[in-house]
Amino acid sequence: MELADTSDLWISILGNDSLLQPLWDSMRLNYRDYLRSPLFPVVLSVSSYFVFCLPFLMCDIMGERCAWVQQFKIQPSQRPTASTLLHCASVSLYHHVLLMLPASVAQWAWMPPVDLPDQAPSLLELIAGVIGNLLIFDFQYFIWHILHHRIRWLYVTFHAIHHNYSSPSALVTQYLSSWELITIGFWTTIDPIILRCHLLTTWVFMVSTVYLSIEDHCGYDFPWSTSRLIPFGIYGGPSKHDVHHQKPHTNFAPFFSHWDKIFGTHADFSFSTAMK
(Lines give C-alpha, C1' and ligand atoms only; values in the text may rest on other atoms or scores of the structure.)
Protein backbone atom coordinates (compact mmCIF):
# COMPACT_ATOMS: atom_id res chain seq x y z
CA MET A 1 0.00 0.00 0.00
CA GLU A 2 2.85 2.38 0.82
CA LEU A 3 4.49 1.61 -2.53
CA ALA A 4 1.25 2.37 -4.34
CA ASP A 5 0.89 5.64 -2.44
CA THR A 6 4.45 6.62 -3.34
CA SER A 7 3.81 5.83 -7.00
CA ASP A 8 0.63 7.90 -6.99
CA LEU A 9 2.52 10.79 -5.39
CA TRP A 10 5.24 10.74 -8.06
CA ILE A 11 2.66 10.52 -10.85
CA SER A 12 0.83 13.47 -9.32
CA ILE A 13 4.04 15.52 -9.09
CA LEU A 14 5.29 14.69 -12.59
CA GLY A 15 1.91 15.22 -14.19
CA ASN A 16 1.18 18.48 -12.37
CA ASP A 17 0.62 21.09 -15.08
CA SER A 18 1.22 23.99 -12.69
CA LEU A 19 4.57 22.86 -11.23
CA LEU A 20 6.69 24.65 -13.86
CA GLN A 21 4.17 27.45 -14.44
CA PRO A 22 5.76 30.00 -12.05
CA LEU A 23 9.16 29.51 -13.70
CA TRP A 24 7.70 29.81 -17.18
CA ASP A 25 5.63 32.88 -16.26
CA SER A 26 8.73 34.57 -14.84
CA MET A 27 10.73 33.79 -17.99
CA ARG A 28 8.15 34.88 -20.53
CA LEU A 29 7.09 38.02 -18.67
CA ASN A 30 10.53 39.30 -17.64
CA TYR A 31 12.60 38.15 -20.62
CA ARG A 32 9.99 38.06 -23.36
CA ASP A 33 11.95 39.95 -26.03
CA TYR A 34 15.07 37.83 -25.52
CA LEU A 35 13.24 34.49 -25.52
CA ARG A 36 11.25 35.33 -28.66
CA SER A 37 14.34 36.21 -30.66
CA PRO A 38 15.51 33.64 -33.23
CA LEU A 39 19.00 34.32 -31.86
CA PHE A 40 18.15 32.98 -28.40
CA PRO A 41 18.64 29.23 -29.13
CA VAL A 42 22.05 29.96 -30.69
CA VAL A 43 23.16 32.14 -27.77
CA LEU A 44 21.90 29.47 -25.37
CA SER A 45 23.84 26.68 -27.10
CA VAL A 46 27.09 28.63 -27.52
CA SER A 47 27.12 30.01 -23.97
CA SER A 48 26.24 26.58 -22.54
CA TYR A 49 29.12 25.03 -24.46
CA PHE A 50 31.79 27.29 -23.00
CA VAL A 51 30.29 27.24 -19.50
CA PHE A 52 30.17 23.43 -19.42
CA CYS A 53 33.67 23.13 -20.87
CA LEU A 54 35.17 25.36 -18.19
CA PRO A 55 35.20 22.90 -15.20
CA PHE A 56 36.79 20.14 -17.30
CA LEU A 57 39.24 22.63 -18.77
CA MET A 58 40.28 23.60 -15.24
CA CYS A 59 40.87 19.91 -14.44
CA ASP A 60 43.16 19.66 -17.46
CA ILE A 61 45.03 22.84 -16.54
CA MET A 62 45.53 21.77 -12.91
CA GLY A 63 46.89 18.41 -14.05
CA GLU A 64 48.86 16.48 -11.45
CA ARG A 65 48.64 19.35 -8.98
CA CYS A 66 45.18 18.02 -8.08
CA ALA A 67 45.72 14.32 -7.44
CA TRP A 68 42.12 13.65 -6.38
CA VAL A 69 40.78 14.80 -9.76
CA GLN A 70 43.49 13.07 -11.78
CA GLN A 71 42.64 9.65 -10.34
CA PHE A 72 39.55 9.76 -12.56
CA LYS A 73 41.48 10.53 -15.75
CA ILE A 74 40.65 7.81 -18.26
CA GLN A 75 44.05 7.96 -19.95
CA PRO A 76 46.35 9.24 -17.17
CA SER A 77 49.43 9.28 -19.39
CA GLN A 78 47.74 11.44 -22.03
CA ARG A 79 47.19 15.02 -20.92
CA PRO A 80 46.26 17.83 -23.30
CA THR A 81 48.97 20.43 -23.73
CA ALA A 82 48.38 24.17 -23.73
CA SER A 83 48.91 24.28 -27.49
CA THR A 84 46.34 21.50 -27.97
CA LEU A 85 43.74 23.31 -25.88
CA LEU A 86 44.36 26.59 -27.70
CA HIS A 87 44.16 24.89 -31.08
CA CYS A 88 40.83 23.21 -30.28
CA ALA A 89 39.45 26.45 -28.84
CA SER A 90 40.52 28.38 -31.94
CA VAL A 91 38.79 25.89 -34.28
CA SER A 92 35.61 26.12 -32.21
CA LEU A 93 35.79 29.92 -32.18
CA TYR A 94 36.39 29.94 -35.93
CA HIS A 95 33.20 27.93 -36.52
CA HIS A 96 31.17 30.13 -34.19
CA VAL A 97 32.35 33.42 -35.69
CA LEU A 98 32.50 32.54 -39.40
CA LEU A 99 29.71 29.95 -39.59
CA MET A 100 27.21 30.13 -36.76
CA LEU A 101 27.18 33.91 -36.31
CA PRO A 102 26.33 34.77 -39.95
CA ALA A 103 23.69 32.01 -40.03
CA SER A 104 22.21 33.30 -36.77
CA VAL A 105 22.09 36.88 -37.99
CA ALA A 106 20.41 35.75 -41.22
CA GLN A 107 17.89 33.74 -39.20
CA TRP A 108 17.25 36.75 -36.97
CA ALA A 109 16.69 38.98 -40.03
CA TRP A 110 14.43 36.60 -41.93
CA MET A 111 12.43 34.84 -39.21
CA PRO A 112 9.71 36.51 -37.14
CA PRO A 113 9.90 36.33 -33.34
CA VAL A 114 8.52 33.07 -31.97
CA ASP A 115 5.28 32.94 -30.02
CA LEU A 116 5.60 32.07 -26.33
CA PRO A 117 2.73 29.86 -25.14
CA ASP A 118 0.98 30.89 -21.94
CA GLN A 119 0.97 27.39 -20.50
CA ALA A 120 4.11 25.68 -19.21
CA PRO A 121 4.69 21.96 -19.87
CA SER A 122 4.16 19.50 -17.05
CA LEU A 123 7.35 18.08 -15.55
CA LEU A 124 6.43 14.69 -17.02
CA GLU A 125 5.99 16.24 -20.47
CA LEU A 126 9.36 18.01 -20.19
CA ILE A 127 11.24 14.88 -19.07
CA ALA A 128 9.55 12.68 -21.69
CA GLY A 129 10.27 15.27 -24.39
CA VAL A 130 13.95 15.56 -23.49
CA ILE A 131 14.41 11.77 -23.36
CA GLY A 132 12.49 11.33 -26.62
CA ASN A 133 14.64 13.91 -28.39
CA LEU A 134 17.84 12.37 -27.01
CA LEU A 135 16.79 8.94 -28.28
CA ILE A 136 15.99 10.28 -31.76
CA PHE A 137 19.23 12.28 -31.90
CA ASP A 138 21.16 9.23 -30.68
CA PHE A 139 19.79 7.14 -33.57
CA GLN A 140 20.40 9.87 -36.16
CA TYR A 141 23.97 10.42 -35.09
CA PHE A 142 24.66 6.68 -34.84
CA ILE A 143 23.68 6.20 -38.51
CA TRP A 144 25.54 9.35 -39.59
CA HIS A 145 28.61 8.37 -37.56
CA ILE A 146 28.87 4.80 -38.74
CA LEU A 147 28.50 5.87 -42.39
CA HIS A 148 31.27 8.45 -41.98
CA HIS A 149 33.56 5.73 -40.67
CA ARG A 150 32.62 3.02 -43.16
CA ILE A 151 32.71 5.22 -46.28
CA ARG A 152 36.29 6.41 -46.67
CA TRP A 153 35.49 9.55 -48.67
CA LEU A 154 33.08 10.75 -45.98
CA TYR A 155 35.60 9.99 -43.26
CA VAL A 156 38.55 11.71 -44.91
CA THR A 157 36.53 14.69 -46.13
CA PHE A 158 34.40 15.43 -43.08
CA HIS A 159 35.03 13.36 -39.96
CA ALA A 160 38.78 12.66 -39.77
CA ILE A 161 39.54 15.99 -38.09
CA HIS A 162 37.62 14.89 -34.99
CA HIS A 163 39.91 11.87 -34.64
CA ASN A 164 43.14 13.81 -34.60
CA TYR A 165 43.08 13.20 -30.84
CA SER A 166 42.95 9.64 -29.51
CA SER A 167 42.68 11.03 -25.98
CA PRO A 168 39.79 13.53 -26.07
CA SER A 169 39.25 16.53 -23.82
CA ALA A 170 36.25 18.82 -23.39
CA LEU A 171 37.30 21.24 -26.13
CA VAL A 172 37.60 18.36 -28.62
CA THR A 173 33.77 18.18 -28.51
CA GLN A 174 33.45 20.84 -31.20
CA TYR A 175 36.77 20.14 -32.91
CA LEU A 176 34.73 19.25 -35.98
CA SER A 177 34.32 19.95 -39.65
CA SER A 178 31.76 22.60 -40.59
CA TRP A 179 29.60 19.89 -42.15
CA GLU A 180 29.41 17.91 -38.91
CA LEU A 181 28.60 21.00 -36.85
CA ILE A 182 25.82 21.99 -39.27
CA THR A 183 24.39 18.46 -39.22
CA ILE A 184 24.29 18.32 -35.42
CA GLY A 185 22.75 21.79 -35.27
CA PHE A 186 20.08 20.79 -37.79
CA TRP A 187 19.04 17.71 -35.81
CA THR A 188 18.89 19.49 -32.45
CA THR A 189 16.68 22.11 -34.12
CA ILE A 190 14.37 19.84 -36.11
CA ASP A 191 13.84 16.99 -33.62
CA PRO A 192 11.82 19.03 -31.08
CA ILE A 193 9.68 20.32 -33.96
CA ILE A 194 8.99 16.74 -35.06
CA LEU A 195 7.93 15.82 -31.52
CA ARG A 196 5.94 19.08 -31.17
CA CYS A 197 7.75 19.99 -27.97
CA HIS A 198 7.13 23.00 -25.79
CA LEU A 199 9.80 25.71 -26.12
CA LEU A 200 10.99 25.09 -22.56
CA THR A 201 11.40 21.38 -23.34
CA THR A 202 13.29 22.29 -26.52
CA TRP A 203 15.73 24.53 -24.67
CA VAL A 204 16.34 21.96 -21.92
CA PHE A 205 17.02 19.34 -24.62
CA MET A 206 19.49 21.64 -26.37
CA VAL A 207 21.40 22.36 -23.16
CA SER A 208 21.32 18.65 -22.21
CA THR A 209 22.79 17.68 -25.57
CA VAL A 210 25.59 20.20 -25.18
CA TYR A 211 26.46 18.96 -21.68
CA LEU A 212 26.29 15.25 -22.52
CA SER A 213 28.46 15.76 -25.61
CA ILE A 214 31.07 17.59 -23.55
CA GLU A 215 30.94 14.96 -20.81
CA ASP A 216 31.52 12.26 -23.45
CA HIS A 217 34.73 13.99 -24.54
CA CYS A 218 35.94 15.30 -21.18
CA GLY A 219 38.47 12.50 -20.60
CA TYR A 220 37.36 11.91 -17.00
CA ASP A 221 35.10 9.23 -15.52
CA PHE A 222 33.88 10.88 -12.35
CA PRO A 223 31.61 9.14 -9.81
CA TRP A 224 28.82 11.54 -10.82
CA SER A 225 29.19 10.92 -14.56
CA THR A 226 25.84 10.29 -16.25
CA SER A 227 26.85 6.74 -17.18
CA ARG A 228 27.33 5.93 -13.48
CA LEU A 229 23.98 7.44 -12.50
CA ILE A 230 21.97 5.52 -15.14
CA PRO A 231 21.96 1.77 -14.31
CA PHE A 232 22.28 -1.41 -16.39
CA GLY A 233 24.80 -0.01 -18.88
CA ILE A 234 22.02 1.79 -20.77
CA TYR A 235 24.14 4.91 -21.17
CA GLY A 236 27.65 4.91 -22.60
CA GLY A 237 29.35 7.98 -21.13
CA PRO A 238 32.94 9.22 -21.27
CA SER A 239 34.64 5.83 -20.86
CA LYS A 240 32.76 4.32 -23.80
CA HIS A 241 33.38 7.32 -26.04
CA ASP A 242 37.03 7.33 -25.05
CA VAL A 243 37.20 3.82 -26.49
CA HIS A 244 35.82 5.15 -29.76
CA HIS A 245 38.69 7.62 -30.03
CA GLN A 246 41.17 4.81 -29.35
CA LYS A 247 39.35 2.17 -31.44
CA PRO A 248 37.41 4.17 -34.05
CA HIS A 249 35.37 1.20 -35.32
CA THR A 250 33.52 0.82 -32.01
CA ASN A 251 30.95 2.75 -29.95
CA PHE A 252 29.41 4.96 -32.63
CA ALA A 253 26.34 6.09 -30.67
CA PRO A 254 26.89 9.41 -28.88
CA PHE A 255 24.90 8.69 -25.72
CA PHE A 256 23.12 5.35 -25.28
CA SER A 257 24.50 1.83 -25.74
CA HIS A 258 21.66 -0.11 -27.38
CA TRP A 259 22.42 0.62 -31.06
CA ASP A 260 26.06 -0.42 -30.74
CA LYS A 261 24.99 -3.61 -28.97
CA ILE A 262 22.42 -4.38 -31.67
CA PHE A 263 24.88 -3.81 -34.53
CA GLY A 264 27.84 -5.50 -32.80
CA THR A 265 29.98 -2.36 -32.51
CA HIS A 266 29.84 -2.10 -28.73
CA ALA A 267 33.11 -2.20 -26.80
CA ASP A 268 33.62 -1.91 -23.05
CA PHE A 269 36.39 0.04 -21.42
CA SER A 270 38.23 -1.95 -18.75
CA PHE A 271 38.88 1.08 -16.62
CA SER A 272 39.29 0.78 -12.88
CA THR A 273 40.01 3.55 -10.47
CA ALA A 274 40.29 3.72 -6.75
CA MET A 275 37.05 5.48 -5.87
CA LYS A 276 37.24 7.51 -2.71
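F137, Y141, W144, W187, Y235, F255 and F256 make up one aromatic cluster. The model is predicted. Its aromatic pairs number 24, and its salt bridges come to five.

**Aromatic pairs**

- A pair of aromatic rings is described by the distance of the centres and the angle of the planes.
- For F72 and F222, the ring centres lie 5.6 Å apart and the planes meet at 55 degrees, so this pair is tilted.
- F72 sits in the loop between α5 (67-70) and α6, while F222 sits in the loop between α10 (199-217) and α11 (226-229); the pair links distant parts of the chain, 150 residues apart.
- F72 counts as buried because its relative accessibility is 0%, under the 20% cut-off.
- F222 is buried too, with a relative accessible area of 4%.
- Y235 and F255, both members of the cluster, have ring centres 6.4 Å apart and planes at 10 degrees, so they are stacked.
- This second pair also links distant parts of the chain: Y235 is in the loop between α11 and α12, F255 is in the loop between α12 and α13 (258-263), and 20 residues separate them.
- Y235 is buried at a relative accessible area of 3%, and F255 is buried at 2%.

- G237 belongs to helix α12, which covers residues 237-246.
- With a relative accessible area of 2%, G237 is buried.
- Leaving aside residues up to four places away in sequence, G237 touches D216, S227 and F255.
- F255, one of these contacts, is also part of the stacked pair with Y235.
- N164 lies 73 residues from G237 along the chain, and the C-alpha atoms of the two are separated by 20 Å.

**Salt bridges**

- R28 and D118 meet through their side chains in a salt bridge, at 3.4 Å from N to O.
- That pair links distant parts of the chain, 90 residues apart: R28 is in helix α2 (residues 21-30), and D118 is in the loop between α6 (82-110) and α7 (123-150).
- R28 counts as buried at 13% relative accessibility, whereas D118 counts as exposed at 54%.
- D25 joins R28 and D118 in a network of salt bridges.
- R36 forms a salt bridge with D115, and the closest N and O atoms are 3.9 Å apart.
- Because R36 lies in helix α3 (residues 32-36) and D115 in the loop between α6 and α7, the pair ties together parts that are 79 residues apart in sequence.
- R36 is partly exposed, with a relative accessible area of 22%, while D115 is exposed at 63%.
- D221 forms a salt bridge with R228, with the closest N and O atoms 3.1 Å apart.
- D221 counts as buried at 5% relative accessibility, and R228 is partly exposed at 38%.

**Helix α4**

- Helix α4 spans residues 40-62, has 23 residues and reaches 33 Å from its first C-alpha to its last, close to the 33 Å expected.
- Within α4, a kink of about 35 degrees lies at L54, shortly before the proline P55.
- The buried residues of α4 include F40, V42, L44, S48 and Y49.
- C53, F56, C59 and D60 are also buried in α4.
- G63 follows α4 and has a positive phi, near 55 degrees.

**Helix α9**

- Helix α9 covers residues 178-194; its 17 residues reach 24 Å from the first C-alpha to the last, close to the 24 Å expected.
- Buried in α9 are E180, L181, T183, W187, T188, D191 and P192.
- These residues cover an arc of only 160 degrees around the axis, which puts them on the same side of α9.
- W187, one of the buried residues of α9, is also in the aromatic cluster.
- I193 and I194 are exposed on the other side of α9.
- Just after α9, R196 takes a positive phi of about 55 degrees.

Definitions and conventions: Residues numbered from 1 in each chain as written. Predicted model: local features only at pLDDT ≥ 70, side-chain atom pairs only at ≥ 80, totals over all residues. Heavy atoms only, no water. Helix = DSSP H or I, 4+ residues; strand = E, 2+ residues; numbered from the N terminus. Buried < 20%, exposed > 50% of the residue type's maximum accessible area, 1.4 Å probe, protein only. Contact = heavy atoms within 4.5 Å. Salt bridge = Lys/Arg side-chain N within 4 Å of Asp/Glu carboxyl O. Expected span 1.5 Å × (residues − 1). Bend = angle between axes of the 7 residues up to and from the residue. Arc of directions from axis to C-beta. Phe/Tyr/Trp six-rings, centres within 6.5 Å; stacked < 30°, edge-to-face > 60°.
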